[in-house]
Amino acid sequence: MSIRSSDVEGVDLVILPPVRDLGDGFQVRRALPSAHRRMVGPFIFFDQMGEATFNSGEGLDVRPHPHIGLATVTYLLEGEILHRDSVGSVQPIRPGEVNWMTAGSGIVHSERTSPEIRASGGKLFGLQTWVALPRQFEEVDPGFAHHKAQEIPTTEADGIRLTVIAGTSDGLISPVRTFSDMVYADIALQDGARYQLKAEHVERAIYVVGGEVEVIGQSGAFATNELIIFKPGAEIILRAKGPARLMLLGGEPLPEQRHIFWNFVSSSPERLEQAKADWKAQRFAPVPAEHEFIPLPE
């Protein structure tokens with residue numbers, strides 16, 4: 001993980017996430033958590049998955065693994081993933097759709113390439129984020145919600161296409177049920193298009209999925225795969241240098257510190273220890289039709 005300096009007024013930090021290989025050549029870029037910044041609003045984890053190309057017979061195989069104290073948000077730009085979990089959900093996710101999985105007191109899920117896609121091969125490109133739950137909701141019952149692309153509010157004007165995946169932004173409200181103030185949006189900009197980053201949320205960042213953007217009136221630009229974290233209250237106008245695609249994330253920061261170990265997030269270190277013991281003892285509910293087990297990391 002590295003950072004680079006920026007003299008752009010209103011910018012707090014620029015993070016350059018490292019590439020991590022999850023096996024079988026499948027790579028992610030992990031922007032959060034960082035040694036330099038743990039969270040942005042309630043977001044405690046941000047992964048770019050791929051871009052990956054699978055040959056015939058190949059695919060993604062994320063074996064069953066547990067979560068507590070958070071919600072996972074899966075959003076694809078290309079390809080398909082088959083989600084299965086311990087509350088009985090079996091759901092393929094495709095570009096523009098939203099999978100919101102509330103871990104709460106504990107859930108187990110797997111993410112794989114479906115047999116049909118695996119047979120032909122294909123591409124996979126997307127984002128997975130974790131949203132830490134407020135303390136009063138950390139132990140809610142686990143659950144899963146899937147939203148089709150046509151359910152997710154989108155607006156287009158002046159070379160901008162804005163899709164609000166979760167939370168609120170620019171007058172749009174996502175139907176995805178969240179537990180705290182937040183924003184998560186997909187912003188596509190045509191060459192030269194301008195987007196005003198409003199101060200409606202306390203903490204905000206953009207992740208540049210593709211292309212390059214600059215800040216009007218200031219020198220320097222932000223490139224693909226950079227996470228740019230803005231100062232609270234800063235009014236920023238971004239301009240695309242060629243076609244660009246951004247993810248906007250943020251919201252109200254949680255008042256208590258969040259602790260993280262592996263796939264577990266909690267405001268209580270003791271709760272993390274309990275989750276470790278429960279996974280070792282295989283006390284989490286299993287995922288139907290899944291038989292593999294990932295040991296607890298050392």
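**Salt bridges and cavities**

Guide: In this predicted model, a salt bridge joins the side chains of Asp61 and Arg112, with an N to O distance of 2.8 Å. The two residues belong to distant parts of the chain, Asp61 to strand β6 (residues 61–67) and Arg112 to strand β11 (residues 107–112), 51 residues apart.

Visitor: Is Arg112 buried or exposed?

Guide: The relative accessible area of Arg112 is 11%. Buried means under 20%, so Arg112 counts as buried.

Visitor: Which residues are linked with Asp61 in a network of salt bridges?

Guide: Asp61 also meets Arg118 in a salt bridge of 3.0 Å, N to O. That pair links strand β6 with helix α1 (residues 115–120), across 57 residues. The network joins Asp61 with Arg112, Arg118, Glu290 and Glu292.

Visitor: How many residues apart in sequence are the parts that Asp47 and Arg30 tie together?

Guide: The side chains of Asp47 and Arg30 form a salt bridge at 2.7 Å, N to O. Because Asp47 lies in strand β5 (residues 43–54) and Arg30 in strand β4 (residues 27–32), the pair ties together parts whose separation in sequence is 17 residues.

Visitor: What is the volume of the largest cavity?

Guide: The structure holds two cavities of 30 Å³ or more. The lining of the largest cavity has four nonpolar, two polar and four charged residues, and includes Asp170, Lys198, Glu200 and Arg204. Its volume is about 50 Å³.

Methods. Residues are numbered from 1 along each chain as its sequence is written. This is a predicted model: local features need pLDDT of at least 70, side-chain atom pairs count only at pLDDT 80 or more; totals for chains, interfaces and linings use all residues. Side-chain values use heavy atoms; hydrogens and water are left out. On a 1 Å grid over the protein atoms alone, a cavity is a set of points where a 1.4 Å probe fits but cannot get out, and a pocket is an open set with protein on both sides within 12 Å along at least five of seven lines; lining residues have an atom within 4 Å of a point. Grid points are joined across faces, edges and corners, and a volume is the space filled by probe spheres set on the points. Ala, Val, Leu, Ile, Met, Phe, Trp, Tyr, Cys and Pro count as nonpolar, Asp, Glu, Lys and Arg as charged, and the others, Gly among them, as polar. A salt bridge is a side-chain nitrogen of Lys or Arg within 4 Å of a carboxyl oxygen of Asp or Glu. Helices (H or I, at least four residues) and strands (E, at least two) are DSSP runs, numbered from the N terminus. Buried means under 20% relative accessible area, exposed over 50%, partly exposed in between (1.4 Å probe, protein chains only).
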